[in-house]
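Subject: Structure for your review

Dear colleague,

Please find below the structure that I am handing over to you. My notes on what was found in it follow directly after.

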Amino acid sequence: MKKIFSYLKPHRGALTYTLFVKFLASMMDLFIPFILAIILDDIVPQRKPSLIYLWGGGMALCAILSITLNIYANRMAAATSGKVTRKLRHDLFKKLGDTSMAQFDRVSLSSAVSRLTTDTYNINQFLNRTQRMGARAPILLIGGLILTSILDIRLTLVLALTLPIITLIIFFVTRYSVPLYDKQQTVLDKMVRVMQENIVGVRVIKALSKTPYEQRRFDGVNQQLSEVARKAGGVVALSNPLSSLTLNLGLTAVVLTGAYLVNAGLSRPGSIIAFMNYFTIISNAMMGITRIFIMSSKGIASARRIEEVLDLPEDQPLLLAEAEDSPWHIEFDHVSFSYNGVEDNLTDISFRLKQGQTLGIIGATGSGKTTLTNLLLRLYDPSSGRVLLNGRDLRSIPREELSAQVGVAFQSDFMMAATIRENIAYFRDIAESDLMDAIKSAQAEDFIMATKDALNHQVESRGNNLSGGQKQRLLIARALANKPSLLILDDASSALDYRTDAGLRRALSHHHSGTTSVIIAQRVSSIKGADLILVLDDGKVIGQGNHEHLMAACPPYREIADIQMSAFDGMNGEENGVSA
Amino acid sequence: MSVIRGGRMTRNETSGDKRSLVANKMPRRQIAKRLWQYLGRNRALLLLALLLTLLSSSVALFGPKLSGLAIDAIGLGAGEAHIPTVLYYTGLMALCYGLSSLLGFLLSRVTLRMTRNIIYRMRKDVFDRLITLPVNFFDRYQAGEIISVVSYDIDTVNESLSTDFLQIVQSFVTVTVSLIMMLSIKPVLTLVFVVTVPLTALYTRWITGRTRPLFRKRSAKLGELNGYMEEMMGGKKTTRAYGREEEVLERFDQINGEAVDAYTTSEYYGTMIGPSVNFINNLSLALISVFGALLFLRGQVGLGDISSFVQYSRRFSGPINEVASILGELQSAFSAAERVFRLIDAKPEKPDAPNAFTLTDAQGDVKAEHVNFSYLSGVPVIRDFSMHAKPGQLIAIAGPTGAGKTTLVNLLMRFYDINEGSITLDGHDIYRLTRESLRANYTMVLQDSWLFYGSIFDNIAYARPEATREEVEQAARAAMIHSFITKLPEGYDTIIGDDGVNISKCQKQLITIARAMLSNARMLILDEATSNVDTQTELKIQAAMRQLMAGRTAFVIAHRLSTIRSADTILVVRDGNIVEQGRHEDLMAEKGFYASLYKAQFETY
């Protein structure tokens with residue numbers, strides 16, 4: 001909560017002012033029943049209509065002041081909380097953007113999104129409402145008690161007696177209902193999961209004729225949900241009748257006590273009438289205060305979740321290291337790395353590459369191919385060993401300098417809801433001619449030009465309106481657009497058919513010959529021509545060299561190549577026949 | 001949950017490809033009528049709720065009248081009070097309030113029961129319909145949208161249906177009874193409301209007219225912001241690799257600014273309602289005080305009358321405001337109901353032909369003759385296509401990504417119906433078979449492995465729940481996944497989908513292959529079944545796949561051409577059409593599209 005308060009600090013003046021205006025407005029509300037008592041008890045006996053009009057006018061004035069001041073204060077409250085939320089959300093988004101991947105992984109994507117969305121809305125609402133009701137309710141409660149005490153201290157005591165009872169009722173109802181609502185949420189999640197499974201698996205379910213089974217499964221959670229909701233609602237259903245009963249009985253007690261007091265000459269009937277009004281005001285204030293408590297528990301939880309992110313320490317500082325003279329563009333020097341700090345994901349990797357050379361990486365899923373590129377981009381830092389770029393330790397190169405040199409297409413990389421052009425340029429300044437070159441090299445020209453708006457064609461979120469192959473071609477174009485000196489393609493052409501893939505490779509070798517490329521692939525054909533091929537297995541290099549060398553020296557590599565290219569002989573003639 | 005709710009607001013909703021569930025408007029009256037049918041199913045509960053509403057609000061309304069009578073009995077000064085009368089009236093007050101609270105509690109219980117019944121029923125109706133919808137429905141609509149109908153819209157409808165409906169009744173009772181009470185006390189004083197009621201009505205109209213577009217803009221802007229935040233968080237790695245954090249933040253600031261502004265502006269007007277309702281209450285109070293006091297001077301009303309009047313007036317103006325806000329809620333409930341009904345109304349798969357029969361244990365002789373098909377009328381996808389797959393043969397479907405290879409599978413399994421021509425299975429027209437039996441003759445493995453939340457055992461045995469442990473293990477062994485499963489702490493009872501269970505894409509696919517192994521069906525469909533499996537593993541399961549295909553008529557879609565070279569027939573698909581058909585050798589000799597595809601994979605630069 002501390003951090004959120006620091007966001008309020010610059011608005012101290014505005015907040016105090018809002019509270020002050022709120023205070024005035026609430027006082028106006030409190031004066032009205034008081035004037036009513038005065039009219040009935042003091043003015044009427046004087047039998048002067050002009051005085052009644054005058055005091056009545058006073059009431060109307062209070063009413064007008066109350067609405068004006070209240071609206072004014074509410075607007076200020078909305079403006080202040082808007083400003084705070086805007087700044088808070090900005091800082092949170094910036095922090096999440098600046099954190100290292102390792103930190104971001106710990107926060108997790110879905111939690112980052114919910115902190116940005118749900119939690120910042122909660123804070124906005126919380127700030128807004130506490131300024132509005134949070135000030136008003138206590139003022140009405142305390143002010144109401146003070147004014148009623150002035151009118152009649154004994155009747156006030158009767159009134160005050162009901163307050164703890166209502167508090168207790170609300171406390172117990174909340175206590176019993178909250179766990180039930182939590183449970184309801186869990187069952188609801190379960191129902192959503194069943195729906196999701198059914199929608200995604202519709203073909204399988206239909207093919208296996210499991211429709212009745214799935215119907216029963218859904219009916220099960222549906223019934224369960226109904227049951228839980230009924231229980232939770234049943235508890236809450238108690239709160240309203242119980243609190244209004246307490247209140248109304250208090251009111252009855254006031255009338256009865258009042259009767260004895262008036263009879264004994266200790267009070268006046270106008271006060272009892274005014275009391276009834278205060279009763280409503282005070283009880284509403286009570287309800288308001290409990291609502292604020294419920295709301296603030298939500299607000300505080302959200303604040304805590306936001307602060308957790310804002311308080312993340314600075315990660316991946318820039319290292320001071322001398323550049324060495326080196327003939328190598330990229331060098332991995334005994335690099336090991338682990339995501340969780342327990343078991344290595346990469347173990348003792350060493351290789352070197354000259355400017356313009358191509359590195360191919362092949363290996364099973366989970367063998368560490370992507371991890372290697374993550375280190376090359378300094379998305380993570382190695383746990384031991386060094387990654388060098390032109391002889392400089394990667395950790396000593398400013399991030400902007402590094403990112404200006406690289407082009408990368410990750411495995412199932414990200415597309416945003418924007419035009420094709422924006423997706424390729426990706427917030428960078430890319431010259432039109434470079435953009436077109438990149439598109440041509442990426443074999444994307446044909447399909448882009450076939451869309452209605454060509455480069456301005458709108459891509460849907462996650463590229464939902466593109467096929468896998470189209471997406472991959474746009475991603476490759478993105479990687480090539482800034483004419484990188486280091487190009488990384490992580491399984492970026494798996495959805496391309498062989499012909500398009502070959503066209504891509506041809507373009508890369510013709511137009512980007514000065515670029516050092518790192519290509520991760522499943523197909524041997526994609527990396528066969530590389531200057532250096534790494535065969536990875538479980539984070540270790542089990543073969544290193546060019547295709548011919550590996551074919552001779554690395555049995556696992558040869559095995560992969562043999563299966564994939566076994567049809568090669570079939571090319572030359574049909575005499576080999578086909579074994580069915 | 002929040003993600004799904006938020007998803008409803010993102011741009012996806014307005015996207016062109018996936019159609020929105022609200023295409024053209026359903027008439028109001030029709031929606032109301034159908035909602036009424038749901039209410040009508042709970043007629044007894046509804047009547048009881050109505051009765052309780054009437055009773056509890058009228059009983060409560062005797063309170064102010066009784067308190068007024070009590071105050072009158074107190075008199076104006078010391079010694080004037082008639083204590084027994086005061087006791088009598090306050091006793092009645094306590095009784096009234098007690099009774100009203102009891103009735104109120106019963107009412108909440110009855111309403112709750114009714115609401116839950118209706119929600120349960122609606123969800124059931126939606127799901128039961130959903131599951132009979134043709135596959136193309138799910139190709140068209142986004143899962144998030146369908147789910148939000150069931151989880152969110154149905155709640156919205158019922159919240160409104162039960163509470164708002166009864167609230168309106170209650171408001172009506174309150175207003176009528178208050179008015180009668182006030183008229184019975186002093187008709188002249190009710191003239192005060194000639195001023196305040198029209199004021200309230202006019203004001204409410206003005207404010208709702210003012211706020212509605214603001215709130216609409218606010219949710220649109222928030223949706224845009226949500227979408228952007230979700231999107232860019234997902235793309236963090238890319239942004240970081242290119243060092244574009246600043247630019248991404250710049251765009252965020254702009255969207256955030258707009259969203260905050262829209263939010264604040266709508267709050268400006270939204271937060272006017274509270275003080276305004278308060279003002280009208282205060283104004284009525286002031287008017288009643290003045291006129292009440294004047295009448296009191298002339299001896300025309302007693303103090304108790306003024307007291308009752310003041311209390312009734314507070315109750316009188318409340319509901320009028322409430323009704324206005326309820327009308328707003330009803331509006332959103334109606335559009336939610338529309339989405340629900342649209343889903344319930346979606347056309348299910350055509351029923352089986354009246355004389356359809358069940359074909360079990362088909363031999364797997366599949367013949368297509370002169371088939372024409374189009375997804376959208378006027379855009380033919382398959383033209384005059386003929387093919388004959390004999391039992392046990394391997395039919396491969398080849399072609400570039402996105403060329404429409406899945407279309408054939410859709411037709412064979414009747415996920416879509418052909419426009420012309422015929423498809424037969426063992427000589428029977430597939431349109432004369434029950435869909436269930438047709439599909440039961442196939443087993444399949446698709447590119448995206450589908451597993452549900454449940455144990456590994458249940459997932460493998462999904463198609464044959466009666467399968468023994470031994471059979472399941474044998475299938476898993478054949479799919480090369482048995483040893484992995486046994487290494488898991490819970491073995492076959494491991495729940496898939498629980499956090500902490502680390503199952504790779506590849507292992508998931510092997511589980512679905514095991515599921516297919518367990519099936520007795522004589523025909524097999526493999527739709528890019530090994531594209532998520534790396535080469536080494538593929539090597540390992542090749543034997544398994546061969547075993548899976550043995551004795552079955554297999555339709556195999558693959559982009560790895562080496563795997564389909566041995567097929568009995570290769571269908572070459574390009575841009576949705578089947579352009580070539582034949583054995584590998586024939587197609588290579590033709591030097592057509594297939595030959596060029598095939599050669600490309602061996603090209604080096």
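In this predicted model, 139 residues of chain B are in contact with 148 residues of chain A, two residues being in contact if their C-beta atoms, placed from the backbone, lie within 7 Å. On the side of chain B that touches chain A, the greatest contribution comes from helix H4 (residues 83-130) of chain B, with 21 residues. Helices (H or I, at least four residues) and strands (E, at least two) are DSSP runs, numbered from the N terminus. By class, that side of chain B holds 68 nonpolar, 46 polar and 25 charged residues; Ala, Val, Leu, Ile, Met, Phe, Trp, Tyr, Cys and Pro count as nonpolar, Asp, Glu, Lys and Arg as charged, and the others, Gly among them, as polar.

Residues are numbered from 1 along each chain as its sequence is written, while chains are lettered from A and ligands numbered from 1 in the order in which they are written. As the model is predicted, local features need pLDDT of at least 70 and side-chain atom pairs count only at pLDDT 80 or more, whereas totals for chains, interfaces and linings use all residues.

On confidence, the model scores ipTM 0.81 and pTM 0.72. Chain B has a mean pLDDT (the predictor's confidence in each residue, from 0 to 100) of 81, and 88% of its residues reach 70 or more. Over residues 1-20 of chain B, however, the pLDDT is below 50, although this stretch has 43 contacts in the model beyond near neighbours in sequence. Where pLDDT is low, the predicted coordinates should not be read in detail.

Chain B contains 20 helices and 12 strands. The domain bounds, which come from an automatic or database domain assignment, divide chain B into domain 1 (18-185 + 332-350), domain 2 (187-300), domain 3 (362-441 + 532-605) and domain 4 (447-520). Between the C-alpha centres of domain 2 and domain 4 of chain B there are 54 Å. For chain A, the assignment gives domain 1 (1-152 + 297-313), domain 2 (153-266) and domain 3 (330-566), and the C-alpha centres of domain 2 and domain 3 of chain A lie 55 Å apart.

Of the 605 residues in chain B, 46% are buried. A residue is buried if 20 or more other C-beta atoms lie within 10 Å of its own, exposed if 12 or fewer, and partly exposed in between. A nonpolar core is a set of buried Ala, Val, Leu, Ile, Met, Phe, Trp, Tyr and Cys residues joined through C-beta atoms within 7 Å. The largest such core has 221 residues, and those touching the most other members include A:Ile273, A:Phe275 and B:Ala514. Leaving aside neighbours within four places in sequence, B:Ala514 is in contact with B:Ile460, B:Ala475, B:Ala476, B:Ala479 and B:Ile481. Another core, of 103 residues, lies apart from the largest one.

Helix H9 (residues 245-270) of chain B has buried residues including B:Phe252, B:Val260 and B:Tyr263. Their cover includes helix H3 (49-98) and helix H5 (109-151) of chain A, together with helix H7 (192-234) and helix H8 (236-242) of chain B.

Finally, B:His370, in strand E1 (residues 366-373) of chain B, has a positive phi of about 45 degrees although it is not a glycine. B:His370 is exposed, with 12 other C-beta atoms within 10 Å.

Kind regards

Methods. Expected span 1.5 Å × (residues − 1).
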